[in-house]
Amino acid sequence: MSVEMGKQSLEWLERAAADGSVHTVRVSWSDRFGTWRGKRLPVATFLANPGRRISFCDGMAVTDVNCDIYESTPFSNFETGYPDMYLEPRLDSLGPVGWLDGEAYVLGTLQTHGGEVLGVPARNVLPAVLARLAERGVELGARVTLGGRLMCGRGAPALLGPGGRARGEVGAGLLRTAAEGLLRSGVAVRSIDARPDGGFGLDLAVLDLEVAADQAMIAKAALKELSVGAGPTAVFMTMLPGFAAPALLDVELSVGGAAALDPARLAAALTTLRGLLQPSVTAFKAGPAQPSVTGSDDADRILVRGLGAAAEADPATALMAIAAAVGAALDPEVEIPVAPVGDLRAAADSLAASAWAAEWLGTDFVANAAPLMREEADLFAAAITDWELDRYWAIG
Amino acid sequence: MEARWVDIAWTDLIGRTQVLRAGREACEAGGLTVPRSRVVSGYDGTPDGTAMLELRPDWSTERALPWDPAVAVCVADLYEDGAPSPCCTRGFLRSVVERAAARDLAVEAAVELEFYLVDPASGEPVYEEIDNYSLSRLETEPTVTAVRNELRAMAIGVEASNPEYGGGQVEINISHAPLLVAADQATLARLYVSELAGRAGLDAVFLPKPWTERSSSGIHVHQSLWRDGANLFFRPPEDLSDIGLAYLAGMLESVPSFALLGSPTPNGFHRRADGSFAPTVASWATDNRTTAVRAVLGGEGGTRIEHRDGASDCNLYLTMGAQVLAGLDGIERELQPPPPVVGNAYAQDLPQLPRTYVEAYERLRDCELAARILPGPLVGAYLEALEPEVELAILSAADWERARYSRVELA
């Protein structure tokens, strides 16, 4: 297969279909956890009508990490009847699935039956947040490092040699195989930081936030897919026993068009949105964001680090939240309460109560994100954990 | 070059598609037969009598097997004493097509198939987690990719696939086609999904409810009526036409009493649970997954009615034919449907669909609508084939009953 890197065209796909190198197209979107979802279409079916919208049950926009559905989400529940939502392919996102022969992918925008862009998926809200910043003359770039661990089962980190190849791995190893496949897919991998203890960071080039969101999501998917079968598994759980540092979706944000950015206001805004950056009970153990703001080599830009997104976070959600927090922090008219958010339930309450969050993220998004955080918090509150069993089994 | 062997595919009353492999010359010469008892004897398969049915290939359905060029498959009708057998469900569906054609109507249909991919060694799905629409379940994707690609190479119009709501559960969507073609394609697809899964070392399970705690598998049939290239169900700018509503009304009227036609086993009735996305009440609405019949508004080309009650192991010819006949009957009688459901159909006071096999059997047996619009000998033979299952459904003690209600641990 002759693969050209970067964005592909329909003509490329037609050639690939004709020479047999592509037989399937993933028509796709990412869910609220950054999981890559969609349908696989035979390439001929896709090419017969590339712009055709594909329908999905809209409940999938508001599921929890186990694909469970809840009545507390106003967007989709049994009273709404779980109608279809429609994915309109974004043909400028077309590319090969570089780690799996025969497949191409295209991303899309989730819409109503009538063609309105849904306000619930973070990937749809992100462009609106960026547009709002652009109206204020602010432009953002992001360099995303996708952090995780390679594990050989729970409690058994893979021991990584130079270049990230695990001891005993056959071939180039999962990390390099993923990186090469991602490059073929058009994902801008700059480097692989593989640590002997099994931790890794997959560093993507500086990109606009929408592209960064898409590419980070695809990178996660590649690592998960390549983890199936023998060999180590890529795990994105933020905190794991034996690892002192959390696994992060590390974002280095480059801000243009802003004279200054108050890190305290930014930290407060990120705290309001903490449940979007740290979407699990475990992720909260990593602690809140502690942003640092510095100048950059480019005198017109500011660099921001320490933005606190967990590796478990959906890249689109995290980047949307970060962008909105920057927007709020830059606006002196916006009141940002300074209040700690210690757990997911508090995060839900903080998000739901925030006027600026509703304004920046939209009421649809907030009205559906907050209940799901509460559901997750309630599930954890009801769970009897192994720690409790170990500690209290013999008590009394 | 023509394939040397032909797999003559025929479907028995209860929906099992079986294959007689014969040399091409023998097929073309005619006279291939199958015992009538194999067609009509149900799950027991008890040989009874010496009557034979002739397999007559419909050569328009012939297609090569991509993985075995020496073999082609061809769907057959069943003939009895030189005439179409009343037990031939494909012949029944053909008669439905002819009946519609007599009114200058063409029926288009599209079928969604659902099934589980299972590890034969453990009997469990190849993965555990619910992961609907995931693109990353590579435990199943090589097999599903082979299914899509090989079926398309056989001119079976697979247009999409995705993991479904159960762990290891798969859905494949077959493109719309004229009714008989659609049923042939879906029937062959089901046959060869099993073959292709087997080649990958897996089992494809079309049992509707293999496990209590996992999602069930159904058949959703999307239907529309056409005349002179126009979709008669479409009312601009975006609504269901009067003829569509009448068709829907006829179909809806039949759902409670025709349930057994779409669910030939007691297992199929375990699908019926509130909140399961399988229907529990006779209901309809536009784009509402809690109802039995769903109107889908998709513009001139895509407006259709989806029947959601059939189980994944049904006889597709019989199920689809009965659904369409009921719809046509609704048009002939100029029926009006009840108001569409608003909200959750599971929570509304609507006519209940049969929740048990026994109830479904009795409803079909005693149904005036079935007696009027369905061929009596066919329905009679179907009921006779399934009668032993009624008794089994009543008499069998399930493992869960022993576990739950016995104070003593029983084997």
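What percentage of the 396 residues in chain A is made up of buried residues? Buried residues make up 50% of them, where a residue counts as buried if 20 or more other C-beta atoms, placed from the backbone, lie within 10 Å of its own, as exposed if 12 or fewer do, and as partly exposed in between. The model is predicted, and local features therefore need pLDDT of at least 70 and side-chain atom pairs count only at pLDDT 80 or more, whereas totals for chains, interfaces and linings use all residues. Residues are numbered from 1 along each chain as its sequence is written, while chains are lettered from A and ligands numbered from 1 in the order in which they are written.

**View 1. The fold of chain A.** The secondary structure of chain A comprises 12 helices and 14 strands, taken as DSSP runs numbered from the N terminus, with helices being H or I of at least four residues and strands E of at least two. Its radius of gyration is 21 Å, close to the 21 Å from the globule rule for 396 residues, so chain A is as compact as a globular protein of that length; the radius is taken over C-alpha atoms, and the rule is 2.2 Å times the number of residues to the power 0.38. Along the principal axes, the C-alpha atoms of chain A fill a box of roughly 60 × 55 × 55 Å. Of the contacts in chain A with a separation of 6 or more, 70% are between residues 24 or more positions apart, a contact being two C-beta atoms, placed from the backbone, that lie within 7 Å.

**View 2. Strand β12 of chain A and its partners.** Strand β7(A), residues 139–151, runs antiparallel to β12(A) and is joined to it by 8 bridges, strands being paired if DSSP finds at least two bridges between them. Within this pairing, E252(A) is the bridge partner of R143(A). Strand β14(A), residues 301–305, also pairs with β12(A) in the antiparallel sense, over 4 bridges, and here V304(A) stands opposite L253(A).

View 3. The domain assignment, automatic or from a database, divides chain A into domain 1 (10–118) and domain 2 (126–382), whose C-alpha centres lie 23 Å apart. In the contact, 19 residues of domain 1 of chain A meet 28 residues of domain 2 of chain A. The domain 1 side of this contact has 10 nonpolar, 7 polar and 2 charged residues, where Ala, Val, Leu, Ile, Met, Phe, Trp, Tyr, Cys and Pro count as nonpolar, Asp, Glu, Lys and Arg as charged, and the others, Gly among them, as polar.

**View 4. The domain contact in chain B.** Chain B is assigned domain 1 (5–86) and domain 2 (94–400), with 24 Å between their centres, taken over C-alpha atoms. To the contact, domain 1 of chain B gives 18 residues and domain 2 of chain B gives 24 residues. On the domain 1 side, the elements that give two or more residues are β1 (5–11) and β6 (68–80) of chain B, and the residues of that side are 10 nonpolar, 6 polar and 2 charged.
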